[in-house]
Amino acid sequence: MSEIRFDGKVALITGAGGGLGKTYALQLASRGCKIVVNDLGGKADGTGASSSMADQTVKEITEAGGQAVSNYDSVATPEGGKAIVQAALDHFGRLDVVINNAGILRDKTFAKLEPQDLEAVVDVHLKGAFFVTQPAFSHMKEQGYGRVVFTASNAGILGNFGQTNYGAAKMGLVGLCNVLSLEGAKYNIKCNVIAPVARTRLTEQLLGPLAQTLDPECVTPLVTWLASEQCDVTHSIFSVGGGRYARMFVGLTPGWFAGKGAKPSPEQVRDHMGEIRDTAKYIIPDSIADEMKLMLELFNG
Ligand code: NAI
């Protein structure tokens, strides 16, 4: 197949002043994409702000012959989200790709979690993706084209000690993407989720001996493909890190059917738990309609 190019396309990448986001910005720009490099420029816990991180990415893109513009708004407010999208429209006249990547960490065990640690993390990861993607989506609908990438985490999809706030916010993005991919389907807007693992300032203390093999640049090519016109998948989750690319999914087991109209006892449910949890013949529903279809088939014998 032909080379993946972005000539004439515009991408908005949040948190693109460093880490993973910067690698996306550099690769997309090197393939002809015009980039809005958004970054608040604060610390890993979300405090502080500066223009230097976004500016540095823009400098590297322009020095390499690409086109990019900085934006320093926080994704964590509706005004910030609108301003970031507007930056794309003002500078480049269109918007084709949104990569929701901005992120912070406030790790604490559940018992010690303060309300402000929950709010800050949900605001940036989950609400931030809403605030940026919503104005972008309206524009994409009108133009009949769009690519949206959400950045979740295995901390939420699989679970990780000490990250209830982060895990919940990240899993929320899976729900957002599941629904948005359905709403975007008829407008050729494809929405997907990545769960990356990479050595960045967020993880350098956490990855241990694995860190040296987890270059952020190993995540980049998947995101570039998901952002491209050639991307023909939507509603999908990918685990990506260290050169391995894998699909993750929500599966549904056939389960145990007590019978039409039956009201089984808790003991019966207990006794069928093996069947209920048996993954041998699971399906991957594309939407709630797939499960409804399955239930109707059961009810109708
Ligand atoms: P990073 O800290 O290098 O990048 C995050 C960027 O987001 C920073 O440049 C930061 O200034 C920016 N940012 C933070 N709050 C912002 C806000 N309110 N508005 C705009 N920009 C803001 O860390 P990394 O690892 O590159 O993270 C990128 C994304 O990947 C994050 O969403 C993170 O949660 C996610 N992730 C990373 C993993 C990893 O192994 N590095 C694992 C799982 C998820």
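**First stop: T23**

Select T23, which counts as buried because its relative accessibility is 9% (buried means under 20% relative accessible area, exposed over 50% and partly exposed in between, with a 1.4 Å probe and protein chains only). This is a predicted model, in which local features need pLDDT of at least 70 and side-chain atom pairs count only at pLDDT 80 or more, while totals for chains, interfaces and linings use all residues. Residues are numbered from 1 along each chain as its sequence is written, and side-chain values use heavy atoms, with hydrogens and water left out.

T23 lies in helix 1 (residues 19-30), helices being DSSP runs of H or I with at least four residues, numbered from the N terminus. Leaving aside neighbours within four places in sequence, show P216, E217 and T220, with which T23 is in contact (heavy atoms within 4.5 Å). The side chains of T23 and T220 make a polar contact at 2.9 Å, that is, a pair of N or O atoms within 3.5 Å where, within protein, one must be able to donate a hydrogen and the other to accept it, and residues adjacent in sequence count only if both atoms are side-chain atoms.

**Second stop: helices 4 and 6**

Now select helix 4 (residues 115-143) and helix 6 (residues 164-184), which pack at an angle of about 15° with their axes 8 Å apart; the axes are lines fitted to C-alpha atoms over the stretch in contact, and angles run from 0 to 180 degrees between N-to-C directions. Among the residues making this contact are L118 and F130 of helix 4 and Y166 and L176 of helix 6.

Key:
Helices (H or I, at least four residues) and strands (E, at least two) are DSSP runs, numbered from the N terminus.
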